[in-house]
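Biologist: I would like to learn how to read a model like this one. Please take me through it feature by feature.

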Amino acid sequence: MNVGIIILVVAVLAVLGYVLGRRRALSLAAARGRKLHSLPGYYGQTVALFAAVPALLVLVAWLLVQPMLIETRVSGMIPDSAIPDGGARSLVMADVRRIAEGLDAVLAQGGLDESELSDMRADFTNVRTRLAEVGVALGGEVPTEVFEAAKTYRQDTKTGNTLLTVLMLAMSIGLAVWSYRRIAPDMRARNVSETFVRMLLIAASTVAILTTIGIVASLVFETYSFFKMYPAQEFFFSTVWNPQFRGGSELGILPLLWGTFYISLVALIVAVPLGLMIAIYLAEYAGPTARSFIKPAIEVLAGIPTIVYGLFALVTLGPFLRDWIAQPLGFGTSSSSVLTAGIVMGIMIIPFVSSLSDDIINAVPQALRDGAYALGATRSETIKQVVMPAALPGIVGAILLAASRAIGETMIVVLGAGASAKLSLNPFEAMTTVTVKIVSQLTGDTEFASPETLVAFALGLTLFVLTLGLNVLALYIVRKYREQYE
Amino acid sequence: MTDLTADTLRRTVLTDSARIRRRNASERRFRMLGIIAVTIGVLALIGLLTSIFSSGLSSFRQTYISLDIYLDPAKLDKDGDRNPATIAKVSTFGYLPLIETALKDAMAAKGVAVEGLNAKTAAALISKEAPADLRKLVLADPANIGQTVHFNLLAAGRIDGYYKGRVTMASAELDSNVSPEQLMLADKLKTAGILTSSFNWSFFTAPDASDTRPEAAGLGVAIIGSAYMMLIVLVLSLPLGVAASIYLEEFAPQNRFTDLIEVNIANLAAVPSIVFGILGLAVLINFVGLPQSAPVVGGLVLTLMTLPTIIIATRAALKAVPPSIRDAALGVGASKMQATFHHVLPLAMPGILTGTIIGLARALGETAPLLLIGMVAFVREYPRSPPEGFFDPASALPVQVYNWTQRGDPAFIERASGAIIVLLVFLLCMNLIAVILRRRFERRW
């Protein structure tokens with residue numbers, strides 16, 4: 001049965017369970033002349049929850065595990081001789097899946113039936129033309145082993161699906177009947193259903209932990225296999241980035257890190273003074289009306305997708321900087337450059353700096369300002385000598401958060417910074433960053449066998465550690481140096 | 001009491017000393033700096049939007065060449081029995097002569113002629129996509145064969161660009177794809193009313209097109225892909241996020257486990273989006289075996305990305321409900337679960353929905369993780385309807401923008417900017433809904 005239909009059936013069972021459970025509770029209570037412990041709906045809820053939730057959890061787990069099990073089993077059936085020279089096992093497996101799909105299509109057309117199929121053999125029938133008729137194109141003739149593997153794959157998938165259907169229905173109905181029979185007037189149905197719901201809530205909140213585990217595990221695991229193929233000290237200390245897809249690449253991270261830091265530095269040079277001054281103006285000078293216009297306008301900058309900034313860098317700012325500054329002054333001829341990406345990224349992170357700093361400046365108690373005014377200080381003197389020092393830890397935290405944004409930013413640098421890994425000081429030259437190289441090494445690739453693709457995971461791990469470190473540092477600074485005002 | 005005269009008093013109180021003047025000047029300078037910073041910020045926003053709109057708005061108009069085409073049965077249906085199978089055998093190339101004849105006849109009828117152009121080079125004014133469109137229309141309704149039918153055919157990208165200022169006579173001299181004569185012919189066709197320009201509906205419905213046919217490229221598949229992903233994100237992240245927030249805000253005891261969850265959520269909110277793409281590639285595609293370029297993978301990745309945003313917003317909304325509500329519910333005998341689900345949650349709902357919409361808006365504009373899970377692929381087929389369609393290859397709006405910026409023809413930059421305008425309009429609508437929700441339903445306690 002189709003997964004969608006199974007889910008539908010389970011949902012119907014749950015609704016049915018609710019109605020029947022509620023009715024049974026009411027009729028039992030009436031028959032025995034006793035009051036129910038809980039509201040009648042809770043009796044229905046227990047039946048519905050037991051009918052639906054365990055079965056659906058099993059469904060999800062099954063759908064994850066079944067393809068993996070079948071894959072390993074079928075993959076074992078294919079001898080090394082059936083794998084063409086220079087090909088990979090996974091390519092043959094892809095063929096197996098396509099043939100299996102094609103066989104399904106042939107069956108659906110009524111071209112042949114189950115028993116004919118099991119007798120069909122690749123060395124007698126022309127499988128390729130047969131499949132081409134139903135729209136499955138294959139690259140070459142089908143070896144016997146592959147065809148047999150495809151038949152097994154198809155059979156196993158079918159058996160798996162049948163098993164799943166039976167198991168789901170059995171679980172759903174079994175648990176529903178069990179909890180239905182359990183219903184009695186003095187059963188504490190509300191407690192049962194509330195404990196159940198509470199478990200679900202806890203499960204939902206562990207998704208965050210699972211995501212982190214998933215991220216760290218996938219990064220560390222693949223980075224480990226990268227370092228088995230490529231020496232770690234080369235990766236961390238080499239100054240050359242030159243991937244070759246025929247092997248013999250040099251994959252030094254230093255030029256990428258340099259590009260990342262240089263661009264982030266330019267971004268911070270743009271964003272920190274602007275963002276800080278905007279925050280100060282909004283918090284100390286602007287009246288409520290001006291504030292209600294300026295604050296949303298600045299925050300719109302944070303809501304604009306980064307691809308828009310990327311296009312702006314590519315189409316407008318890059319050519320502008322090249323034609324009006326770089327070329328006349330002889331700094332370079334590239335429209336994608338550190339400055340292009342840096343300035344645009346700076347504009348993007350202005351709201352991060354300004355919003356956070358605004359909140360922090362507002363949190364400085366008015367009494368401090370009043371004290372300074374009473375001593376005869378002007379507004380700017382108060383801001384520079386009283387408010388800023390008090391708000392400094394928070395502002396440093398905000399700047400660090402903005403820096404971590406800048407380091408992890410991808411689309412602006414992909415479109416604005418260029419792709420050549422260089423160690424240069426000239427801000428008008430194209431340079432590249434860690435994120436750009438992750439994109440270019442991984443886009444559209446799923447074969448993780450060569451160091452050239454695996455290096456992306458090492459880069460990802462570096463990026464993850466860097467941004468995490470900055471965030472933790474920001475939190476630490478804010479917590480440690482925060483002034484406590486009552 | 002020597003000489004505290006009225007004169008000195010006036011000097012110290014009513015006129016500024018040099019020092020005071022300096023301090024006041026520095027005050028004014030500082031204030032000016034603030035105004036300048038705000039101005040630069042606002043100008044940056046305006047500049048960004050103007051640049052995108054000025055290069056993208058033209059993509060909403062498209063040049064068409066309208067012709068009466070005689071669908072010649074001798075060419076399209078050789079057997080004459082209107083059998084769809086035989087009609088389908090005529091390839092796109094079979095339709096090209098029909099268009100060429102129709103254009104020649106139309107030019108002759110209106111008396112339009114330009115030196116140095118034959119039927120073939122004149123027909124090059126029409127997009128290479130046009131015969132395929134024509135074929136599609138004929139296959140959809142074979143009864144038209146033998147009739148003369150009025151069609152609006154796409155003009156070629158260079159001709160379209162001529163009327164949008166991208167191509168000029170001078171640039172056509174150097175261009176191998178278009179000649180000045182062809183542009184002159186286009187001008188004459190325009191005065192003859194054969195070449196027209198109208199609103200570009202197909203920009204919203206057509207799928208992507210190949211590198212040489214920018215005029216036919218549209219956002220259809222990308223919009224569907226984005227819609228599918230948003231559906232998945234909404235269905236998964238709203239219940240998960242609300243459930244997690246309710247637990248953390250209302251039930252979680254103060255212990256290590258709770259701290260661990262809190263730290264995790266805070267960190268996930270700060271993880272660069274591209275790392276989520278790596279997660280999707282390594283876990284969802286390679287480990288679980290979900291298909292590449294499928295909306296389901298994109299939806300799952302974006303769900304994990306938006307979850308922290310939604311949890312943070314939901315917790316703030318739950319926190320804003322005053323404890324007296326809970327106390328009152330508990331006081332009349334509700335259980336903690338009842339107090340939460342019957343009273344606190346409904347009151348927090350506007351805040352939760354606002355946070356969810358803002359999270360969705362962020363997810364809609366996200367590009368980087370989608371590049372890694374293969375959504376950059378060139379997809380011309382519309383995905384099927386859900387649920388199977390979730391597993392079909394599709395594109396997404398921001399990825400389509402990126403895709404078009406990587407093409408050679410400058411016409412694609414116009415299309416990319418147009419796609420961004422579409423994206424921004426969607427985002428604007430979502431944010432407006434969020435603001436309206438907040439304005440209408442937010443309660444001050």
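Biologist: In strand 3 of chain B, which residue is the bridge partner of B:Ile65?

Modeller: The partner is B:Leu195. Strands here are DSSP runs of E with at least two residues, helices are runs of H or I with at least four, and both are numbered from the N terminus. A word on the source: this is a predicted model, where local features need pLDDT of at least 70, side-chain atom pairs count only at pLDDT 80 or more, and totals for chains, interfaces and linings use all residues. Residues are numbered from 1 along each chain as its sequence is written, while chains are lettered from A and ligands numbered from 1 in the order in which they are written.

Biologist: How many bridges join strand 1 of chain B to strand 2 of chain B?

Modeller: Two strands pair if DSSP finds at least two bridges between them. Strand 1 and strand 2 (residues 148-154) of chain B have seven, and run antiparallel. Within strand 2 of chain B, B:Asn152 is the bridge partner of B:Ser66. Strand 1 (residues 61-70) of chain B is also joined to strand 3 (residues 195-199) of chain B, by five bridges, again antiparallel.

Biologist: Why is chain B called more spread out than a compact globule?

Modeller: Compare the radius of gyration, taken over C-alpha atoms, with the globule rule, 2.2 Å times the number of residues to the power 0.38. Chain B has 20 helices and three strands. Its radius of gyration is 32 Å, well over the 22 Å that the rule gives for 445 residues, so chain B is more spread out than a compact globule. Its C-alpha atoms fill a box of roughly 110 × 75 × 40 Å along the principal axes.

Biologist: Which residues of helix 13 of chain B are buried?

Modeller: Buried means that 20 or more other C-beta atoms, placed from the backbone, lie within 10 Å of the residue's own. In helix 13 of chain B these are B:Ile261, B:Asn264, B:Ile265, B:Asn267 and B:Leu268. They pack against elements of both chains, including helix 18 (451-481) of chain A and helix 12 (220-251) of chain B.

Biologist: How many residues of chain B are in contact with chain A?

Modeller: Contact means C-beta atoms, placed from the backbone, within 7 Å. 74 residues of chain B touch 68 residues of chain A. Helix 2 (residues 18-56) of chain B gives the most to chain B's side, with 20 residues.

How values were computed. Buried ≥ 20, exposed ≤ 12 C-beta atoms within 10 Å, placed from the backbone. Contact = placed C-beta atoms within 7 Å.
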